Amino acid sequence: MAQLLLIGAGDIAQHLVNDALPFQKIYVLLRQRSFETQKELTERKNFWREKNTIPIVADLDDFKSLNKIKGLADTIVHMAAPNPLFQTDSRTKHLLHTLSHKPPKTLIYLSTTGVYGHHPHGFINENTPPSPLTERALRRLNAEKQCRFFAKKYTTKVCILRVPAIYSATRLPLKRIQNKTPSLIKTQDVYTNHIHAGDLSRAILGAIRFGKKNRIYNIVDDSNMKLGDYLDLIADYYHLPRPERLPFKQIEKHLNQAQISFLKESRRIECVRWQKELKTKIYYKNVQDFLKEQFPR
């Protein structure tokens, strides 16, 4: 393999780099953050240089700045969230237009399982038609469609990974529990889906190597838990009081609109395709496995 470009410089990109990907060069696109000083940006660039990557400062919202990445890599992992100010994903549009000058061989796009919407009964899989309920999920579905159209036009191998809530040692809802934010009573609670950041990184690598063209993969573990039970489990391991349980009508006043939207969607998702086709073994089959490793008894 030759050159890899990571769009999105978060912790998933760090996991990918730490997994020692077999590329001659790895580029990481950095966006200068609001109110970030030049010194702070330089520190972030040096952070990525120390990981043997090449940082490139550009902005998906600034179309002209993307000239820096034209024809740069033959494999792209697109992890950037859509701009919330637009109904469609303008950032993916800008990126794909830039890539069209010299289309890559492989494009991996990280979407969300939120595109499925609300499925309170039974399990769903990649063949379940999308039915997004939130603007956030609608933008992600729009990005998926853009990527798939790009794949057909330029014969690029595109894999869409639909990802649920990502967790790791540094990505747990501890603040929510410490703030005593309530959760739903058991009879009204919703199923949520999870994946460990390390397992997501391995799934991305599997998609680069073995993913099929224009293929969708649900990247979820086997947790099969409701949200309140998930919060209770974490609270117990960290010796924190379990969140109070309230009915939906009473809990609304304690949550913001984004949190409320998650309580309106329940789904259980099959995860057979990615482990079989991407030849990836999941390390943390559920959240309990991760917590048992973190807190051996």
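Of the 297 residues in the protein chain, 53% count as buried. This is a predicted model. The secondary structure of the chain comes to 11 helices and 15 strands.

Start with the overall dimensions. Along its principal axes, the C-alpha trace spans about 55 × 45 × 40 Å. A compact globule with 297 residues would have a radius of gyration near 19 Å. The protein chain has 20 Å, so it agrees with that expectation. Contacts reach across the sequence. Take the pairs that are at least 6 residues apart: 78% of those contacts join residues at least 24 apart.

Now the surface. The protein chain exposes about 15,000 Å². Carbon and sulfur atoms supply 51% of that area. As for charge, there are 49 positive and 28 negative side chains. The centres of these two sets lie 5 Å apart.

The largest nonpolar core has 38 residues. Leu6, Val77 and Ile204 have the most contacts inside it. H6 gives the largest share, seven residues.

What does Ile204 touch, leaving aside residues up to four places away in sequence? Its partners are Ile12, Leu16, Val77, Ile108, Leu110 and Leu161. Val77 is also one of the residues with the most contacts inside the core. Another core, of 25 residues, lies apart from the largest one. Its members include Cys147, Ala151, Val158 and Ile216.

Finally, look at one arginine. Where does Arg31 lie? Arg31 is in the loop between E2 and helix H2 (38-49). Is Arg31 buried, partly exposed or exposed? Its relative accessible area is 40%. Buried means under 20% and exposed means over 50%, with partly exposed in between. Arg31 therefore counts as partly exposed.

Arg31 also has contacts beyond its sequence neighbours. Not counting residues up to four places away, Arg31 touches Glu36, Arg44, Ala58, Asp59, Asp61 and Arg91. Among these partners, Glu36, Asp59 and Asp61 are residue types counted as negative. Arg44 and Arg91 are of a type counted as positive. Arg267 gives a sense of distance. Arg31 and Arg267 are 236 residues apart in sequence. In space, the two are 34 Å apart, C-alpha to C-alpha.

Note on methods:
Residues numbered from 1 in each chain as written. Predicted model: local features only at pLDDT ≥ 70, side-chain atom pairs only at ≥ 80, totals over all residues. Heavy atoms only, no water. Helix = DSSP H or I, 4+ residues; strand = E, 2+ residues; numbered from the N terminus. Rg over C-alpha atoms; globule rule 2.2 N^0.38 Å. Buried < 20%, exposed > 50% of the residue type's maximum accessible area, 1.4 Å probe, protein only. Contact = heavy atoms within 4.5 Å. Areas by Shrake-Rupley, 256 points an atom, 1.4 Å probe, with all protein chains shown as cover. Charge placed at Lys NZ, Arg CZ, Asp CG, Glu CD. Core = buried A, V, L, I, M, F, W, Y, C linked by side-chain atoms within 4.5 Å.
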